[in-house]
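Have a look at the model first, then read on.

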Amino acid sequence: MTGGRGDPGLLDRMVRRSLGWLEGARPLFRLPSNVTTDADPNLTLKPLGELAELTQLIGVLHPREEIRTAARGLFAFAWNETRDGELFAELIRGEPFATYPVELYGVFTQAGLRHAEVDELVHTTTRLRGWRVAREDHTRTLGVLNAERRIGLRQHADFGAVLALTGLGGLPEPWALDRKSAYGVTHDVFHLTDWGRNRQRLTPELAGYLRLWVPSWLENWLEEQLWDLAGELLAVTACLPAAPYDPVAWQRLADAQAADGSVPEMGAAPATGDPAEAFTACYHSTLVTAFAATLARIASDEAEAGPPAGDTASVGGRTPCESETAL
């Protein structure tokens, strides 16, 4: 990896093309009428929530206005699909202990979008004994805690204590990291830094570990052409202090992006005439590409301009409140 400024033209082009494909895929993000009853949330709510999470960030933080505008249109579409939040009230009433409605609602409260009944429901359900039950997936718990913070709820567990139990917090032997564990580490970073908004929350120990080992992991999954995980690792790299830039890795990911802007999860673009199959194979990796390229663009601009006065590791000079930094 190299330090300093990246390639803004390449990064912007990757974001723009990704958003263009996602715009064309809007119909496939739409929620079915049975979303609160028989539909699989992993195939319906999860894609929409990921669209909202990442386009909200791009729509606020990307330095180019036309890219922010395109991302904001997709984010507005996602909010509209929730019927301005009414969907979350239905989901919470049906599953009071389920975390995913709260996690998804937290994405929208981050942007100031709220629903009065949902606010009342989450203030009640997150105080129930069943909500505080221990969860085996500590990375997922970080996501829940992040959602509670976004909504303004009391966090049901100590963020730092949960982080210590995660793959990242344990500083695992780097040579033993498998694919599932690698995804866990990337999401530990995303939840800790609020998806790159508060990068100063990475301690020097964690940042040093990632700076040392991410290049090897990245090379491994680039060789396997696992573009989805490679994109997430590039996003993690952009969260590091004085973020390094790997022009070879970025060019390889750019080469994997199809002419229509889609990025396959793995290997070559799927040779299928079924739009639904192509969507499933590409939507997440395409979102990740836009997200990672946005963070890399911001880090590149910061390397060129130098850090804002009094803030060496936050996006746009933003600093967290004391409760966020007390890990």
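The largest pocket has 44 lining residues, and Lys46, Glu50, Arg140, His187 and His191 sit nearest its centre. This is a predicted model, where local features need pLDDT of at least 70, side-chain atom pairs count only at pLDDT 80 or more, and totals for chains, interfaces and linings use all residues. Residues are numbered from 1 along each chain as its sequence is written, and side-chain values use heavy atoms, with hydrogens and water left out.

**The largest pocket**

- A pocket here is an open set of points on a 1 Å grid over the protein atoms alone, with protein on both sides within 12 Å along at least five of seven lines; lining residues have an atom within 4 Å of a point.
- The space in the largest pocket comes to about 1400 Å³, where a volume is the space filled by probe spheres set on grid points joined across faces, edges and corners.
- Two or more lining residues each come from α3, α6, α8 (138–151), α10, α12 and α14; helices are DSSP runs (H or I, at least four residues), numbered from the N terminus.
- α10 is the top contributor to this pocket's lining, with eight residues.
- By class, the pocket lining splits into 18 nonpolar, 14 polar and twelve charged residues. Ala, Val, Leu, Ile, Met, Phe, Trp, Tyr, Cys and Pro count as nonpolar, Asp, Glu, Lys and Arg as charged, and the others, Gly among them, as polar.

**Cavities**

- A search of the whole structure turns up two cavities of 30 Å³ or more, a cavity being a set of grid points where a 1.4 Å probe fits but cannot get out.
- The largest cavity has a volume of about 100 Å³. It has 14 lining residues, and Ala243, Pro244, Tyr245, Ala296 and Ala299 are the closest to its centre.
- α12 and α14 (275–305) are the elements that give two or more residues to the lining of the largest cavity, and α14 gives the most, with four.
- The lining of the largest cavity has nine nonpolar, four polar and one charged residues.
- The second largest cavity holds about 40 Å³, and its lining is made of Leu45, Leu48, Gly49, Thr82, Phe88, Leu104 and Phe108.
- For the second largest cavity, α3 (45–61) and α6 (100–109) each supply two or more lining residues, with α3 giving the most at three.

**Helix packing**

- α10 (residues 179–192) packs on α12 (residues 227–238) at about 35°, with the axes 10 Å apart. Axes are lines fitted to C-alpha atoms, for helices over the stretch in contact, and angles run from 0 to 180 degrees between N-to-C directions.
- The α10–α12 crossing is left-handed, as the near helix is turned anticlockwise from the far one by less than a right angle.
- Contacts (heavy atoms within 4.5 Å) between these two include Tyr183, His187 and Phe190 on the α10 side, and Leu229, Leu233 and Val236 on the α12 side.
- The residues of the α10–α12 contact comprise eight nonpolar, two polar and three charged.
- α3 and α4 (residues 65–81) cross at roughly 145°, their axes coming within 8 Å; this crossing is left-handed too.
- Among the residues that meet there are Leu48, Leu51 and Ile58 in α3, and Leu74, Phe75 and Phe77 in α4.
- The α3–α4 contact has eleven nonpolar, three polar and three charged residues.

**Confidence**

- The chain's average pLDDT (the predictor's confidence in each residue, from 0 to 100) is 90, and 92% of the residues score at least 70.
- Over residues 316–327 pLDDT stays under 50, and the model has 22 contacts beyond four places in sequence for this stretch.
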